[in-house]
Amino acid sequence: MRLFVALHPSLEAAEHLEDFLEARVGADPDLRWSPPAQWHVTLAFMGAAPERVVDDLVDNLTAVAARSAPPSLRITGGGCFPDVTAARVLWAGLAGGEGLAPLARSVRTAAAVVGAAPEGGPFRPHVTLGRFGRPTEATRWVRVLDSYDGAAWTASEVVVVGSHLPRERGHRPRHEVLARCGLGVHDPRAPPRDGAVPVLH
């Protein structure tokens, strides 16, 4: 199954960006915009994970997230993949995103350990906004995004999402949140720290 682990922008941050883009969405018929409900910051993508590993993956990610402080983030600026002269993907940047690299490494390790085989190259924090139907010179879109400075938010959780491909061309994948793992939240299954004695009920 297709899985990814991600951070979601806060509702305020997503609405702020949506308001900024609203007047621009119809400006390029070849640019297919992602719905705001699917905006996210991918920490790890697994294109062919065995379904049997999901429970173990969630257990590992719960422990990883519990050890990770909630990051402060802000959507700002943007760019294109693979590059602005032949863009296929338009994305928004992330202030504070460089601090997510250790979390992304831990998430990918947690996935690899259970056999989920994370894909992709070096971690580059971003929010995918849309995809071009063909390679496009997209300098004007990058300039638009360079003028954007969004609302700050503090991420409180990482989510494990199942991505279901559409059966028909022209439709978007359907995202299903399979688990939520709180950042900086003590995992009750973890051993006590600093010699503390657990309270028994």
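Mentor: Before we start, helices (H or I, at least four residues) and strands (E, at least two) are DSSP runs, numbered from the N terminus. Keep in mind too that this is a predicted model.

Trainee: Thanks! Between which two elements does the loop with A117 lie?

Mentor: Most residues other than glycine have a negative phi. With a relative accessibility of 47%, A117 counts as partly exposed, because that class lies between 20% and 50%. The loop that holds A117 runs between α3 (101–113) and β6.

Trainee: And which residue with a positive phi follows α3?

Mentor: Start from the helix: α3 has 13 residues and reaches 18 Å from its first C-alpha to its last, close to the 18 Å expected at 1.5 Å a residue. After α3 comes a residue whose phi is near 90 degrees, and this is G115.

Trainee: Which residues of α3 are exposed on the face turned away from its buried side?

Mentor: Take the buried set first: L103, A104, V107, A110 and A111. These residues cover an arc of only 125 degrees around the axis, which puts them on the same side of α3. Their cover includes β1, β3, α2 and β8. Turned away from that buried side, the exposed residues are R105 and V113.

Trainee: On to the open sheet. In what order do its 5 strands come?

Mentor: Find the edges first, where a strand pairs on one side only: these are β2 (31–33) and β7 (149–154). On average, neighbouring strands of this sheet are turned by 30 degrees against each other, direction ignored. The pairing is antiparallel, and the order is β2-β6-β5-β4-β7.

Trainee: What is the bridge partner of R32 in β6?

Mentor: Strands β2 and β6 (residues 127–136) run antiparallel and are joined by 3 bridges. For R32, the partner in β6 is R131.

Trainee: Helix α1 packs on this sheet; about what angle does its direction make with that of β7?

Mentor: Helix α1 covers residues 11–22 and touches β2, β4 (72–81), β6 and β7. Another helix, α4 (residues 139–146), also packs on the sheet, and its direction makes about 165 degrees with that of β4. For α1 and β7, the angle is about 170 degrees.

Trainee: Which residues are exposed on the other side of α1?

Mentor: Its buried residues are A13, A14, L17, F20 and L21. Their arc is only 125 degrees around the axis, which puts them on the same side of α1. That buried set packs against β2, β4, β6, α4 and β7. The other side carries the exposed residues L11, E12, D19 and E22.

Trainee: Is strand β1 largely enclosed or open, and how many of its 5 residues are buried?

Mentor: In a regular strand the side chains alternate between the two faces of the sheet. On β1, L3, V5 and L7 are buried on one side, and F4 and A6 are buried on the other. The strand is therefore largely enclosed by the rest of the structure, and its buried residues number 5 of the 5.

Trainee: Which residue in β8 is the bridge partner of V5?

Mentor: β1 is joined to β3 (residues 41–46) by 5 bridges, antiparallel, with L7 opposite V41. It is joined to β8 (residues 157–164) by 4 bridges, also antiparallel. In β8, V5 has as its partner V160.

Trainee: One last thing: which peptide bond is cis?

Mentor: Most peptide bonds are trans. Look at the loop between β4 and β5, where P82 is found. With omega near -5 degrees, the cis bond is the one from F81 to P82.

Terms used: Residues numbered from 1 in each chain as written. Predicted model: local features only at pLDDT ≥ 70, side-chain atom pairs only at ≥ 80, totals over all residues. Heavy atoms only, no water. Pairing = 2+ DSSP bridges. Axes fitted to C-alpha atoms, helices over the stretch in contact; angles between N-to-C directions. Contact = heavy atoms within 4.5 Å. Buried < 20%, exposed > 50% of the residue type's maximum accessible area, 1.4 Å probe, protein only. Arc of directions from axis to C-beta. Expected span 1.5 Å × (residues − 1).
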